[in-house]
Amino acid sequence: MKNFFTTALIFLLVLTNCFAQQEKGIIGYDNWLDSWTEFKPSHTDYGEPTQILSGKISKDTKLLKRDVYLLLGDVFVTDSATLTIEPGTRILADYDTKASLIITKGSKLLAKGTQTDPIVFTSNRDTKKAGDWGGIFLLGDAPINTYGQVASLNYGLKPSSTEHIAYGGNNTESDSGILKYVRIEFAGKRTKKFGYFNALTLAGVGNQTVIENVMVSYGAGNSYNILGGSVILEKLVSYRSKINDYEFNFGTQCQLINSLAIRSPYVSSANGSRCMVVKSYDNKEESDTSKRETFVNAENLTLVNVSDDIKTDMSMGLVQEAIFVGPDVSFAINKSVVSGFYPAVILDDKIKLNNENLEKIQFTKTYFNNCKGNIYKKGYTNNDDLESWYGSRAFNNLYAKGSDKETFIAVNDTKNPDFRLQVNKIIASNDFITDDDED
């Protein structure tokens, strides 16, 4: 009987530690990055193409694991067709034609890989680089906040009909398909006329669409670009993006859950790149104020800037804020980790600091680690009011200066990294880290 109680006590202690470890940042009893992710995609041999995808796909089509596909130019799935991709299928996107895959409004992409057999979209070059190809576009008929119910993509795609680049409508439950256990590598092409493409664009995508266990790595544009819609995003990874990891715009009503952004100061764009950008519009004059402003609810995120020497990188101007919040949005982040930024958050200078606006921007139970400054307003040198507001015990935020090695379980493991918090490594402090604390 004594042995039984001893065993039960040990079990309870282990279980308690597991829950303590999972409290903030990405969660899971096991490391959900295992098996399906790839942190050295340029070293992976995906084989030679055996089939070509080009032009327009206007009837239901299935891609098979036994083949390797070459995505050539702008490929449009149209006429309510469904493109189904078997687990383990590899799609190599052509560098010379800057290939893109566009799922038009009313059509579907069913890319349902498995943890041990993910679906991979990557560059066809021997030496792969960020921006080798365009990206993937899912276009739905969920609401957007621009005038009229419909907008068009302006990325320089070459459709046979303008209907093929239209998105938006009034169907909140729009279903554009499934992306699960999918990797998207080296996408986000650059164009002189149209700027950056993005690795994965979700435009007017509704909440019946499943976006889960997707990894975007080495993108030259945004990793995830969400335009309107009401999509739920879960277990996403953005790795070493040159621009933003997650950008939200045009009235999206989005949930981002248990997801990860891993930045590097050595590959980010000097023109501005963050883990999260939350906006309601690019130009206010083009926004319909009778429609919903952007709302993003984020929970259990880990946003980390992996650096060899974070203090030196900050002093050299290589490190920016993790989160940028624009005017006329609602944003809430809870039980998350923001580590290694300068500062952690910037609010747009157009946001008036009053109760109405601050109640729409919530930071709760979040762990700010190793950040030089925490929540600032753009262009202001004195942010005491903001620091005091979000530093109050009512929000239950924590602040510390721990190294990545001390903070995360296995941040330096290049094959199987683990960005969950280490057990009992959270320092319970309610004091902001200031510039004076840096030395």
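Trainee: Among contacts in the protein chain between residues at least 6 apart in sequence, what percentage join residues at least 24 apart?

Mentor: Please keep in mind that this is a predicted model. Such a percentage tells how far along the sequence the contacts reach; here 71% of those contacts join residues at least 24 apart.

Trainee: How many helices and strands does the protein chain have?

Mentor: The chain contains 5 helices and 32 strands.

Trainee: Why does the radius of gyration agree with that of a compact globule?

Mentor: One compares the value with that for a compact globule of equal length. For 439 residues that value would be near 22 Å, and the protein chain has 22 Å, so the two agree. Along the principal axes, the C-alpha atoms fill a box of roughly 60 × 60 × 45 Å. Of the 439 residues, 55% count as buried.

Trainee: In which sense do strands S3 and S5 pair?

Mentor: Strand pairing is read from the bridges. S3 (residues 68–77) and S5 (residues 90–93) are parallel, with 4 bridges. S5 is also joined by 4 bridges to S8 (residues 119–123), again in a parallel run. Ala93 of S5 illustrates both pairings: Leu71 stands opposite Ala93, and Ser123 in S8 is a bridge partner of Ala93.

Trainee: Is Ala142 buried or exposed?

Mentor: Relative accessibility decides this, and buried means under 20%. Ala142 has 0%, and therefore counts as buried. This residue is in the loop between strands S9 (135–139) and S10 (151–152).

Trainee: Which residues is Ala142 in contact with, leaving aside its neighbours within four places in sequence?

Mentor: Among them are Gly168, Asn171, Ser174, Val205 and Ser230. Ser174 is 32 residues from Ala142 in sequence, yet their C-alpha atoms are 5.7 Å apart.

Trainee: Where is Lys98 found, and what is its phi?

Mentor: Lys98, a residue other than glycine, has a positive phi near 45° and is found in the loop between S5 and S6 (100–103). Its relative accessibility is 21%, so Lys98 counts as partly exposed. Asn396, not a glycine, has a positive phi of about 60°. Asn396 is placed in the loop between helix H4 (384–390) and strand S30 (398–400), and is partly exposed at 35%.

Technical notes. Residues numbered from 1 in each chain as written. Predicted model: local features only at pLDDT ≥ 70, side-chain atom pairs only at ≥ 80, totals over all residues. Heavy atoms only, no water. Helix = DSSP H or I, 4+ residues; strand = E, 2+ residues; numbered from the N terminus. Rg over C-alpha atoms; globule rule 2.2 N^0.38 Å. Buried < 20%, exposed > 50% of the residue type's maximum accessible area, 1.4 Å probe, protein only. Contact = heavy atoms within 4.5 Å. Pairing = 2+ DSSP bridges.
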